[in-house]
Amino acid sequence: MLTSIALIFLTGMCLGAVFKRIGLPSLVGMILTGILLGPSVLDVLDESLLAVSTDLRQVALVIILFRAGLSLSVEDLKKIGLPAVLMSFVPAVLEIIGIVLLAPLLFGISVVDAAVMGAVVAAVSPAVVVPAMLHIMEQGYGQKRRVPQLVLAGASMDDVFVIVLFSSFLALSLGGEITVSGFLEVPVAIVTGVVVGALSGWLLQKVYRSFHMRDTAKIMMLLSVSFLLLEAETLFSGFLPMSGLLAIMAMGLALNQFYPELAARLSGKYNKLWAAAQILLFVLVGASVDVAYALQAGEAVIVLILGALVFRVAGVLLSLWPSSLNKKEKMFAAISYMPKATVQAAIGAVPLSEGLASGQLILTAAVAAILLTAPLGSFLIEKTYKKLLDSPKDITG
């Protein structure tokens, strides 16, 4: 396992630097590292490491989502308002509708199986989007109308909505039924996550003000509480839906609201943690990609993914219709909602393992979605934000 970790970091850093040098996002090189080192190509990564890759990816997500919470404020969220709520579900709904319309025509599968495929493909990737938005916020772009904050808030709730839909559609395809209570889990999980996370942040800032400890100890405590929030999501699932990842972001937001001086210090330290965590995250996402499935996909799956993106862009524009964003900012928000990676890697193989007839096709679509949208979306975000968003000079001027 130690050899595998060494290969992941050394190769990931090298390829990431190479891709950044030629003008592409470094995460493209990291995902490619995972594909090369993973079971599909060289197969040099230790099986015990791959067995815990889901947990390791969760650790990386915890780091970047808490860091995102530290950068948000209640005032920002008030300014964003309704568009952030709409962004959390409208683009996903339209993308799923697009796949339900296209998949039966392209592959001859049932509408229910197409809905399962749509739920797998539709989730935006917080692992790609969140660090990109944080970087843009640090550069000072898009701050007149809080565009990066809008994307951050919407993307963090998008996954909760899509995963609940996935569970419902999968149950239906396996002979079950969709219940009203299943859909009610979405708003309940969001509200519960925000409340539990905010309460955790408020309590922790009280502890930090009452007891002196080094910032390193504070980070260890915060990481521990974050992991417990993820476990609470599992423990409460039977009777009280809760989004653990949303709770983690809310905890960071609460800490920023009640103890901004500490939040500013911890933000820098979390950035250093992310420098290592992102390599592990994107390399392991790449290692989860099955190239054989992707090669079998053919042109039809590519047409499906690109067609679904058209529906997603329409969903973003519809969500932003009541906002004050201009055309360029709306275009940037649509681009930012393209990348897919973590959710697809996590649930793409579930229908196949459950014995669904279209399981292999759904897994192929998940793999193709990662390979097409993660590099393309991150590249477009990096290349367009300075052109489409207001700059720091616009605000100071």
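Among contacts in the chain between residues at least 6 apart in sequence, what percentage join residues at least 24 apart? The figure is 81%. Keep that in mind as you go, and remember that this is a predicted model.

**Stop 1: the whole chain**

Show everything as a cartoon. You will find 20 helices and 0 strands. Along its principal axes it spans about 60 × 50 × 50 Å. The radius of gyration is 20 Å, which agrees with the value near 21 Å that a compact globule of 397 residues would have.

The chain exposes about 16800 Å². Carbon and sulfur atoms supply 67% of that area. Of the 397 residues, 54% count as buried.

Next, colour by charge. There are 25 positive side chains and 24 negative ones. The centres of these two sets lie 16 Å apart.

**Stop 2: helix α19 and A366**

Select residues 359–388. This is helix α19, and A366 lies in it. Zoom in on A366. Is this residue buried or exposed? A366 counts as buried because its relative accessibility is 1%, and the cut-off for buried is under 20%.

Which residues does A366 touch, leaving out those up to four places away in sequence? Select V120, Q344 and G348 to see them.

A122 and A366 are 244 residues apart along the chain. Draw a distance between their C-alpha atoms: the separation is 9.5 Å.

**Stop 3**

Where does the side chain of S378 reach? One belongs to A374, and it lies 2.7 Å from a polar atom of the S378 side chain. The other belongs to P375, which the side chain of S378 reaches at 3.1 Å.

Finally, bring up the neighbours of S378. Again leave out residues up to four places away in sequence. Select P25, L27 and V28.

**Last look**

Notes:
Residues numbered from 1 in each chain as written. Predicted model: local features only at pLDDT ≥ 70, side-chain atom pairs only at ≥ 80, totals over all residues. Heavy atoms only, no water. Helix = DSSP H or I, 4+ residues; strand = E, 2+ residues; numbered from the N terminus. Buried < 20%, exposed > 50% of the residue type's maximum accessible area, 1.4 Å probe, protein only. Contact = heavy atoms within 4.5 Å. Polar contact = N/O pair within 3.5 Å; in protein donor to acceptor, adjacent residues only side chain to side chain. Rg over C-alpha atoms; globule rule 2.2 N^0.38 Å. Areas by Shrake-Rupley, 256 points an atom, 1.4 Å probe, with all protein chains shown as cover. Lys, Arg positive; Asp, Glu negative; His and termini not counted. Charge placed at Lys NZ, Arg CZ, Asp CG, Glu CD.
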